[in-house]
Amino acid sequence: MKKILLSTLILASASVSAADLSVKMTDLNSGAMVGTISAQQTKYGVVFTPHLAGLPAGLHGFHVHVNPSCGTTEKMGKPVLGGAAGGHYDPMKTNKHGYPWNDDNHLGDLPPLYVDMKGNVEQPVLAPRLKLSDLKGRALMIHAGGDNHSDHPSPLGGGGARLVCGVVK
C-alpha cells in the first residue's frame with residue numbers, strides 16, 4: 001500500500017512539473033542569456049519565478065507581450081530592441097494598462113520584478129488572471145524602470161526601454 005501511495009505521489013508531482021514552463025531570458029543589448037523565468041499554474045493563477053542575474057537594481061516593469069519574438073524592429077527610423085514582441089498581451093482589446101488583478105486591462109500586465117543591489121532577481125510574482133495556456137507563443141519582457149500600472153502620466157505604466165526578453169515555446 002505504501003509503495004502504491006508513493007508511486008501515485010511521484011507520478012502526480014511529475015505531471016505537475018511537466019506542465020510548468022521555463023523561459024530563457026536574454027539581455028537585448030548584449031544578446032547574453034541572463035537566466036530563466038519559470039512559470040507554474042496554481043489555483044491562484046500563474047506564479048513566475050525568476051532566476052536572473054546582471055540586471056540594473058530596482059523595480060522593473062514585467063509583461064507578457066503578444067508575439068513570440070525578441071527581435072529588433074524600427075520605429076521612426078530608430079531601432080527598438082525587442083520591438084518584434086509587439087505590445088502587451090490584450091486579448092479582450094481593452095487598450096488599457098493596469099493592475100494584474102483587475103479585469104479591465106491588458107491580461108499581460110504583471111507585477112514588477114525586484115532586482116537586488118547585486119543585480120539578481122529571485123522573488124516570485126503572481127499573475128492571478130493568467131493561465132499557462134495564455135503564455136504559449138508569447139514573449140516575456142522586462143522593462144527599464146518601474147511600473148505604476150496606469151496609463152497616466154505616461155502610457156504603459158511609465159516603464160522604460162525593453163531590457164530583457166524571452167520567448168515562451
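## Basis of the report

This is a predicted model, in which local features need pLDDT of at least 70 and side-chain atom pairs count only at pLDDT 80 or more, while totals for chains, interfaces and linings use all residues. Residues are numbered from 1 along each chain as its sequence is written, and side-chain values use heavy atoms, with hydrogens and water left out.

## Overall fold

The protein has 2 helices and 11 strands, where helices (H or I, at least four residues) and strands (E, at least two) are DSSP runs numbered from the N terminus. Along the sequence, these elements follow the pattern α-β-β-β-β-β-β-β-β-β-α-β-β.

Of the 169 residues, 38% count as buried, a term that means under 20% relative accessible area, with exposed meaning over 50% and partly exposed lying in between (1.4 Å probe, protein chains only). The protein exposes about 9,300 Å², of which carbon and sulfur atoms supply 61%; accessible areas come from the Shrake-Rupley method with a 1.4 Å probe, and for residues only the protein chains shown count as cover. Among contacts (heavy atoms within 4.5 Å) between residues at least 6 apart in sequence, 62% join residues at least 24 apart.

## The disulfide

A search of the whole structure finds 1 disulfide, defined as a pair of cysteine sulfur atoms within 2.5 Å. Cys70 and Cys165 form this disulfide, with their sulfur atoms 2.0 Å apart, and the pair links distant parts of the chain, since Cys70 is in the loop between β5 (62-65) and β6 (73-75) and Cys165 is in strand β11 (residues 162-167), 95 residues apart.

The torsion about the S-S bond is about -75°, so the disulfide is left-handed. Cys70 is partly exposed, with a relative accessible area of 22%, whereas Cys165 is buried, at 1%.

## Nonpolar cores

A nonpolar core is a set of buried Ala, Val, Leu, Ile, Met, Phe, Trp, Tyr and Cys residues joined through side-chain atoms within 4.5 Å. The largest has 28 residues, of which Phe48 and Leu135 touch the most other members. Apart from it lies another core, of 5 residues, among them Ala85, Ala139, Met141 and Cys165.

Leaving aside neighbours within four places in sequence, Leu135 is in contact with Leu21, Ala39, Val46, Phe48, Val64, Leu130 and Val168.

## A buried charge

Asp90 is found in the loop between β7 (78-80) and β8 (113-115). Asp90 is buried yet has no salt bridge, which would require a side-chain nitrogen of Lys or Arg within 4 Å of a carboxyl oxygen of Asp or Glu. The nearest side chain of opposite charge, Lys93, is 6.9 Å away; here Lys and Arg count as positive and Asp and Glu as negative, while His and the chain ends are not counted.
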